[in-house]
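Me: I have a structure open and want to go through it with you. Can we start with single residues and then move to the overall fold?

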Amino acid sequence: MKKRIITKNLEEFISLVQIIAKNSLSRLNLDNGGGATVLALYGELGAGKTTFARAFAETLGVKEKIKSPTFIIFRKSKIENKEWSEKVFENFYHFDVYRIHNEKEILNLGWEEIISNPRNIVLVEWADKIESILPKNHIEVVLKHKEEGKREVEVMMAKV
Ligand SMILES: Nc1ncnc2c1ncn2[C@@H]1O[C@H](COP(=O)(O)OP(=O)(O)O)[C@@H](O)[C@H]1O
Ligand SMILES: [Mg+2]
């Protein structure tokens, strides 16, 4: 599955993220190897990765404010919307791996355990840096900065 959408402004972008977040529910029905749902976010500085993560988290019912986690690599938050937390995801992980030098730094943070729990939803900014340790069936999200606040959003889900 591959979809490419152009959003004209921040408001449209956020609406699209809300739809993508709600659709991630359907991941439960896929054979994803019993692991976490992982969204790999690609895009240059300012493309909208953190904005995507924030809107996504809000849609799922994360109450904490999602900030750029660049200086701490990742943040774990509880999903407080019962509609989600009881049926699907319990924990929201937001990684920003821009500053790491190799994948081992992420493995040392308990990565394997995080991605093996089906109750986890994991978003990774600068996913290109940890490509080799992403689970096979991750969802790829490519963000591109276009003119005047426009963004191109490409979502690719592996066939399983
Ligand atoms: N879809 C969008 N449309 C318009 N402005 C956006 C959009 N996404 C992000 N921005 C703005 O661009 C700036 C950087 O966005 P951010 O999400 O931090 O990018 P990244 O995490 O990719 O570096 C922010 O000021 C944000 O308000
Ligand atoms: Mg960011």
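Me: Tryptophan 126: buried or exposed?

Reply: This is a predicted model, and in it tryptophan 126 counts as buried, because it has 20 C-beta neighbours inside 10 Å and the cut-off for buried is 20 or more.

Me: Where is the place of tryptophan 126?

Reply: Tryptophan 126 sits in the loop between β5 and β6. Its phi is positive, near 60 degrees, and the residue is not a glycine.

Me: What about phi of isoleucine 73?

Reply: Isoleucine 73 is not a glycine, yet its phi is positive, about 70 degrees. It lies in the loop between α2 and β3. With 16 C-beta neighbours inside 10 Å, isoleucine 73 counts as partly exposed.

Me: And in the hairpin of β6 and β7, which residue takes a positive phi?

Reply: Glutamate 148, with phi near 45 degrees. That hairpin has five residues between its strands.

Me: How do those two strands, β6 and β7, pair?

Reply: Strand β6, residues 139-145, and strand β7, residues 151-157, are antiparallel and share seven bridges. Among the bridge partners, valine 142 goes with glutamate 154 of β7, and glutamate 140 goes with methionine 156 of β7.

Me: In what sense do β2 and β6 pair?

Reply: In the parallel sense, over four bridges. Leucine 41 stands opposite valine 141 of β6.

Me: Zoom out, then. What is the strand order of the open sheet?

Reply: There are seven strands, in the order β1-β7-β6-β2-β5-β4-β3, and the pairing is mixed. The edges are β1 (2-7) and β3 (74-78); each has a single partner strand, so one side of each has no neighbour in the sheet. From one strand to the next the twist averages 15 degrees.

Me: Which strands does helix α1 lie across?

Reply: Helix α1, residues 10-23, lies across β1 and β7. It runs at about 155 degrees to β1.

Me: And which strands does α2 touch?

Reply: Helix α2, residues 49-60, packs on the sheet and touches β2 (37-42), β3, β4 (91-96), β5 (120-125) and β6. The direction of α2 makes about 165 degrees with that of β5.

Me: At what angle do the axes of α1 and α2 cross?

Reply: They cross at roughly 55 degrees, and the axes come within 9 Å. That angle makes α1 oblique to α2. The crossing is right-handed.

Me: Which residues of α1 and α2 meet there?

Reply: From α1, Phe13, Ile14, Val17, Gln18, Ala21 and Lys22; from α2, Thr51, Phe52, Ala55, Phe56, Thr59 and Leu60. The residues of this contact divide into eight nonpolar, three polar and one charged.

Me: Back to single residues. Where is isoleucine 114 found?

Reply: Isoleucine 114 is in helix α5, residues 111-116. It counts as partly exposed, because it has 19 C-beta neighbours inside 10 Å and buried needs 20 or more.

Me: What does isoleucine 114 touch, not counting residues up to four places away in sequence?

Reply: Ala36, Tyr93, Asn120 and Val122.

Me: Next, where does glutamate 80 lie?

Reply: Glutamate 80 is in the loop between β3 and α3 (82-85). With 13 C-beta neighbours inside 10 Å, glutamate 80 counts as partly exposed. Leaving aside neighbours within four places in sequence, its contacts are Gly61, Val62, Lys63 and Ser85.

Me: How far apart in space are glutamate 80 and glutamate 58?

Reply: They are 9.9 Å apart, C-alpha to C-alpha, and 22 residues apart in sequence.

Me: Last one: glutamate 131, buried or exposed?

Reply: Glutamate 131 counts as exposed, because it has 11 C-beta neighbours inside 10 Å and the cut-off for exposed is 12 or fewer. Glutamate 131 lies in the loop between β5 and β6. Its C-alpha atom is separated by 8.5 Å from that of glutamate 103, 28 residues apart along the chain.

Conventions. Residues numbered from 1 in each chain as written. Chains lettered and ligands numbered in written order. Predicted model: local features only at pLDDT ≥ 70, side-chain atom pairs only at ≥ 80, totals over all residues. Pairing = 2+ DSSP bridges. Axes fitted to C-alpha atoms, helices over the stretch in contact; angles between N-to-C directions. Contact = placed C-beta atoms within 7 Å. Parallel < 35°, antiparallel > 145°, perpendicular 65-115°, else oblique. Left-handed = near helix turned anticlockwise from the far one by under 90°. Nonpolar A, V, L, I, M, F, W, Y, C, P; charged D, E, K, R; others polar.
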